[in-house]
Amino acid sequence: MLSFLKRCALGGAALAAASLALAAPADVAGPAAPAQDQDYPSRPITIIVTFPPGGGTDLLARKLGMRLQESLGQAVIVDNRPGASGNIGSRAVAYARADGYTLLMANSSFAINPGVYRNLGFDPKADFAPVANVGFVPSVLVTAEGFGIASLQDVLAVRSEPSLAYASCGNGTPQHLAGEMLYETSGTYLLHIPYRGCGPALNDVVAGQVPVGIVTLSSASALIASGRLRALAVTSPQRSPVLADVPTVAEIIGQPFELDQWHGLLAPSHTPAQVVRRLNEAVREAVAQPALQRELMDLGYTPQSPGKQALAQGFRDIVWNDIDRFGLLARKIGLQVD
């Protein structure tokens with residue numbers, strides 16, 4: 001529906017522009033849009049973050065915004081629009097003017113939501129243009145130090161009733177799906193206990209109220225470093241440089257397992273290609289800075305490495321692939337949030 005409305009709006013704008021060009025003197029009419037693209041950016045840029053202030057995605061957007069402000073020469077404003085697992089902020093960007101001045105900072109929840117929400121109010125593939133990924137953060141399986149679980153093998157060995165419980169950051173989150181993927185690949189069923197965010201889930205795991213937690217590494221890293229939590233495995237395809245001595249789930253189960261939560265910028269669809277390229281270049285330049293890389297690592301992120309995946313098309317492939325695979329998994333397990 002939204003894509004249709006956009007096409008209608010674009011068609012109407014084109015007719016209006018053509019009428020003005022016919023009515024204007026020859027020295028006034030001209031290719032205004034390409035000139036505007038070349039001048040981009042000429043005013044402040046807004047990055048809409050789909051989560052509250054103070055969280056990992058918000059901090060990432062603010063650190064990136066500072067670098068983009070320096071390289072693009074315009075103010076970068078972070079606007080938090082939390083709610084509905086990110087759908088409120090995403091919808092605002094989907095309806096925004098496609099000129100590069102309103103961007104979305106989102107994570108893998110953006111790709112999960114189409115499979116678990118019936119009424120998004122937008123079409124993620126038709127209404128967005130992925131711009132650039134900034135970094136990845138895996139989920140990590142943790143348990144309270146001293147709880148009696150020494151490894152992921154101990155978790156997978158529990159096949160009796162009642163099943164071992166795990167806390168996640170909420171229904172339909174990447175951490176919830178990581179638990180479902182673990183069941184699909186290992187055959188071990190874990191009882192899912194959803195929380196309203198990773199923080200509350202971690203509180204109960206640290207207190208020993210729930211045996212295992214599957215949370216973002218960025219939310220758990222300080223508790224792991226302090227010794228209050230034991231990290232059992234990470235869900236990234238390779239070991240995280242933040243926890244180099246912690247194995248991956250794939251290593252332990254002996255088959256592919258990947259849920260590496262991306263965090264990147266998207267723009268409304270039909271944003272001019274030249275503008276998308278300019279933004280992608282600015283993000284890649286920022287992520288290549290050693291200072292920002294250190295800051296990302298401190299937050300638990302693995303910075304996006306150079307290569308095809310760092311380009312807009314490469315990021316698009318990541319996002320579209322996640323939408324497809326998470327949608328398939330959601331249908332398979334009958335997961336629906338609304």
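Leu141 stands opposite Ala233 in strand S8. The model discussed here is predicted: local features require pLDDT of at least 70, side-chain atom pairs count only at pLDDT 80 or more, and totals for chains, interfaces and linings use all residues. Residues are numbered from 1 along each chain as its sequence is written, and side-chain values use heavy atoms, with hydrogens and water left out.

Strand S4 (residues 128–144) and S8 run antiparallel and are joined by five bridges; two strands count as paired if DSSP finds at least two bridges between them. Strand S8 covers residues 229–234, and because five of its six residues are buried, the strand is largely enclosed by the rest of the structure. Buried here means under 20% relative accessible area, exposed means over 50%, and partly exposed lies in between, with a 1.4 Å probe and protein chains only.

In the protein as a whole, the secondary structure comes to 14 helices and ten strands. Helices (H or I, at least four residues) and strands (E, at least two) are DSSP runs, numbered from the N terminus. Of the 338 residues, 49% count as buried. The protein exposes about 15200 Å², of which carbon and sulfur atoms supply 55%; these areas come from the Shrake-Rupley method with a 1.4 Å probe, and for residues only the protein chains shown count as cover. Among contacts with a separation of 6 or more, residues 24 or more positions apart account for 79%, a contact being heavy atoms within 4.5 Å.

The axes of helix H3 (residues 56–72) and helix H12 (residues 273–287) come within 9 Å and cross at roughly 115 degrees. Such axes are lines fitted to C-alpha atoms, for helices over the stretch in contact, and angles run from 0 to 180 degrees between N-to-C directions. On the H3 side the contact is made by Leu64, Arg67, Leu68, Ser71 and Leu72, and on the H12 side by Arg278, Leu279, Ala282, Val283, Glu285 and Ala286.

The structure also holds one disulfide, a term for a pair of cysteine sulfur atoms within 2.5 Å. It is formed by Cys169 and Cys198, whose sulfur atoms are 1.9 Å apart. Cys169 lies in the loop between strand S5 (165–168) and helix H8 (174–186), and Cys198 lies in helix H9 (residues 198–206), so the pair ties together parts that are 29 residues apart in sequence. The torsion about the S-S bond is about 95 degrees, and the disulfide is therefore right-handed. Cys169 counts as buried because its relative accessibility is 9%, and Cys198 counts as buried at 15%.
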